[in-house]
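Got a model open and wondering where the labels on it come from? Let's go through them one at a time.

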Amino acid sequence: MTVAPSRPATDYDRADWASAFRNVGSELTAVGQEASSGTIPAELSGTLYRNGPGRLERGGRWVHHPFDGDGMITALRFEAGAAHLTNRFVRTEGWQAEEEAGQFTYRGVFGTQKPGGPVANAFDLRLKNIANTHVVRLGDKLLALWEASSPHALDPETLDTKGIDLLGGTLATAEAFSAHPRFDPGHHGGRRMVTFGVKAGPRSTIRLMEFDAEGAESGALVADQKRQFKGFAFLHDFAITPQWAVFLQNAVSFNPLGFVFGLKGAAQCLGSKPGVPGEFWLVPRSGEGEALQVPAPEGFVFHHLNAYEEPGVGAAGTVVVDSIFYADFPSIGPGVDFRDVDFATLPIGQLKRCRIDLAVGTVSTEVLEERCCEFATVNPKRVGLKARHAWMAVTEKELGNAPLQAIEKLDLDTGERLLWSAAPRGFVSEPVMVPRAGGTAEDDGWLLVVVWNGARCASDLVILRADDLSEQAVLPLPLAIPHGLHGSWVEAG
Ligand code: CO
């Protein structure tokens, strides 16, 4: 096990980190980008799409939590060693109304309130679909996703908003649709987008949907099933194997009174239940056979890395799931400014491996990475299969919580680690792994990382080699992109 930081650990400046929280001031169209160092790999051919909150303040009022900010899509198109940048806000109904009003006219799920105090906010239970969590390509559409409601379709080239999209009548109006689809690389023929929606209540219903994601039929619904489970479901992400969709139902309670009476956002009414274990819910993707429920370790999970199957005798076998566990649900209380958050008090995210014995219904757990991490990924061709390599955003320091400033490559077989660091003034986002076309090694390709550059108060796109994390190019973008959420790579073609 080796830790090889590319620079000595240095403390970050909180002002650098907080300077990323600002409104995105411009919308650019296909603006050519130059590398300030290195060269853009000529083989990189396709588009990096990223989504995240781009509007955090209106009329002098700030969102309570950045997750309440309106979705803004960034597209970086690579071809023959050149790059072009386009960015657009998603023209959601709420964004348009608030642009016109010059102030917040909706409450946010994470606690943002309209002006006027509890009186103005009580009993306003409308959800503002802010389309800010993820962006993926399905067929000829680019979809901006927000898990509590419908996707928005955008033009993949111009990023112009086409509007709410119910995927050819698959979805009911405002039906929940996860922001975490998983792309099955071909375990059942062609590439598929597998995703879900949750209807939460004392009994919760998961709808599991699979769409063709390549060829002429891309976008067609090919599988659709619903399963009911006891308990209030809070499911942000899931993982897939060839046979299973794997959910981790965290032990959470939901008390909506604070939301109804205008004191809290809906997500602030979630609380963890200390001492109560969560539960893995395994849904057979075939739609046939029982769903399995297996007690999970304590802790709170937003994101999974990957899952895979190890065959056993007969119907037995093991499903292995790697996830980022927090000791508790990290939320920001009503009186706290998110820019003042004390990292030392926040639970840290640790990558853990859970092996679910399907015959016995038990789980064994091991820690794969103790350093605080988030946004972990494998090579997209290894989704649902055992992967050797994982890449993730990590803190610069080895212990405790702090902003994410480095990218780690973790060898899941040997525990060997490599680090590339943007510290002290850079802050990383989720790395997107792009396999080299025709490459055979699992770590042959690049990582594309949007980095907040505190010195420049703007964002850089950093291209790393996926195998040794060596820096290939830095593109200083003419855009200040607030700390964002998820993104994806779409190969040219
Ligand atoms: Co997420």
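Below are some questions about this structure, each answered from the numbers.

This is a predicted model, where local features need pLDDT of at least 70 and side-chain atom pairs count only at pLDDT 80 or more, while totals for chains, interfaces and linings use all residues. Residues are numbered from 1 along each chain as its sequence is written, and side-chain values use heavy atoms, with hydrogens and water left out.

Q: What makes the cobalt ion's arrangement irregular?
A: The donors (N, O and S atoms within 2.8 Å of the metal, or 3.2 Å for Na, K and Ca; water is not among the atoms, so sites may look incomplete) are the NE2 atoms of His-180, His-236, His-303 and His-486, at 2.0 to 2.1 Å. Four donors count as tetrahedral if all angles lie between 85 and 135 degrees; four count as square planar and six as octahedral if opposite donors are over 155 degrees apart and all others between 65 and 115; anything else is irregular. Here the angles run from 90 to 159°, so the site is called irregular.

Q: Where in the chain do His-303 and His-486 sit?
A: The donor spacing in sequence is H-x55-H-x66-H-x182-H. His-303 lies in strand β22 (residues 300-311), and His-486 in the loop between β34 (471-476) and β35 (487-491), 183 residues apart. Strands (E, at least two residues) are DSSP runs, as are helices (H or I, at least four), numbered from the N terminus. Both His-303 and His-486 are buried.

Q: How do you know that Cys-372 is in no disulfide?
A: A disulfide takes a pair of cysteine sulfur atoms within 2.5 Å. For Cys-372 the nearest cysteine sulfur, that of Cys-373, is 6.6 Å away. The whole structure has zero disulfides.

Q: Why is Cys-372 called buried?
A: Buried means under 20% relative accessible area, exposed over 50%, partly exposed in between (1.4 Å probe, protein chains only). Cys-372 has 5%, so it counts as buried. Cys-373, at 0%, is buried too.

Q: What makes β16 and β21 edge strands?
A: Two strands pair if DSSP finds at least two bridges between them. The open sheet has the order β16-β17-β20-β21, with antiparallel pairing. β16 (239-240) and β21 (292-295) each pair on one side only. Four bridges join β20 (residues 279-284) to β21.

Q: Over which residues does pLDDT stay under 50?
A: That would be residues 1-9, on a confidence scale from 0 to 100. The protein averages 92. Where pLDDT is low, the predicted coordinates should not be read in detail.

Conventions: pLDDT is the predictor's confidence in each residue, from 0 to 100. Contact means heavy atoms within 4.5 Å.
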